[in-house]
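Please walk me through this structure.

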Amino acid sequence: MVNFAYLFERFPSFGQTFCYREVAELDRQGITPPIFSIRNPKNEPSQDWDPRIVERVHYLPEEKELLDDVRRASKKRNLAPEILAALDQWGRRTDFLRLHQAVYVGLRLQEMGIPHVHAHFAGMAARTGFWINSFFSITFSFTAHANDIFAPRKFEIGLDKLVGAARTIVTETDFAARFLRERFPNCARRVRRIYNGLNPAEFRRAELSSTPSLILAIGRLIPKKGFADLIRACGLLAERGTTFHCEIIGEGPLQEKLCDEVDQLNLQSRITFSGSQPQHEIRRRLAAANIFVLPSIVDSEGGSDNLPTVIMEAMATGLPIVSTNVGGIPEMVIQNETGFLVQPGDVSALAQAIEKLVNNRPLAEKFGKTGYERALRLFSIENNVRELCAVIL
């Protein structure tokens, strides 16, 4: 019997493949919790989603239909007086839809006899879970990721209230778990670290044989990914006469600015922006690469990476990694064993680390092999999903 449900802000989403993999692995293990999604993903690149999983997703209605549904439930006397009082008192204050969404989902969980709901990110879905817990005898938990805890947005139901009310708080790295335990010491016992996972069998091993060397980077074109530093490092490599090509997969608000920087450094023939790509194409490009680079930084608002899925995928492909010691990245990349870590923002060190791997294929192969073995140990989706179930069920 399934005794929990998922609640996502948006599912499935190409930018959150770790969520999809978690649900898909549960399905493979014969566990099929109901899936509620507050928003319907739109205008996203085509992906290889399993239609059986997508068909299980219950998308919440838009505002007008949602409010009408809650009014009908009220007229049928399906809502306790405390719920009606809370809705009335909150009125149209900020985030008021979370309360109505909680009523919508909570009533359906009650009908299904499901006592627990799990959300991803300390954001919209977790705030809705908070109200589900307040209105019904249904507990909630959530998996915290990166900016949602390092640089949370200000809401009346903020991170402190979410952590205080959740039955369990899961997060992806020891770094993030320490962060939460230190910030919320009274809730420290309820914070659990569980790595995201993947199935390494889905990734073809890289041969590290591309000529010129292919430096691959993947991520949204946003400040915390540090792609401006990668472009500048490529400029230094070009000045030194290093032969390479750099491909950056992803899209985002910094696209124009980054392209301008490429033009200013005359790197048009050296750097390619490939936009967003479906998972099968990402796997293909990883297998064709020689080196994977993610020069993460802490942005001006305190946002940073925590456990970047793309590094995990690169390790599963057997690529050597060049990254920075931000967030939980040092739990993935071991200095001088699976790759190189440099200080965020240190363009010179970034260029030197890349150059070492471009010029030393045996070292690149050694790092890639060790990284692959580390990915098998730490990021098995089968093991990590079982651990999650043990924690939230």
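Which strands does helix α12 lie across? Helix α12 (residues 279-288) lies across β8, β9 and β11 (291-294), and runs at about 145° to β8. Contact here means heavy atoms within 4.5 Å. Helices (H or I, at least four residues) and strands (E, at least two) are DSSP runs, numbered from the N terminus. Axes are lines fitted to C-alpha atoms, for helices over the stretch in contact, and angles run from 0 to 180 degrees between N-to-C directions.

The model is predicted: local features need pLDDT of at least 70, side-chain atom pairs count only at pLDDT 80 or more, and totals for chains, interfaces and linings use all residues. Residues are numbered from 1 along each chain as its sequence is written, and side-chain values use heavy atoms, with hydrogens and water left out.

The strands named above belong to an open sheet of 6 strands with parallel pairing, in the order β10-β9-β8-β11-β12-β13. Two strands pair if DSSP finds at least two bridges between them. At the edges are β10 (271-275) and β13 (339-342), each pairing on one side only. Neighbouring strands are turned by 20° against each other on average, direction ignored.

Within this sheet, β8 (residues 213-218) and β9 (residues 244-249) pair in the parallel sense over 6 bridges. Ile215 has Cys246 in β9 as its bridge partner, and Ile218 stands opposite Ile249 in β9.

On a 1 Å grid over the protein atoms alone, a pocket is an open set of points with protein on both sides within 12 Å along at least five of seven lines, a cavity is a set where a 1.4 Å probe fits but cannot get out, and lining residues have an atom within 4 Å of a point. Of its 18 lining residues, Tyr20, Arg21, Ala24, Asn199 and Glu202 are the closest to the centre. The largest share of the lining, 6 residues, comes from α1.

The largest cavity has a volume of about 110 Å³. Its largest lining share, 4 residues, comes from α17.

Methods
Grid points are joined across faces, edges and corners, and a volume is the space filled by probe spheres set on the points.
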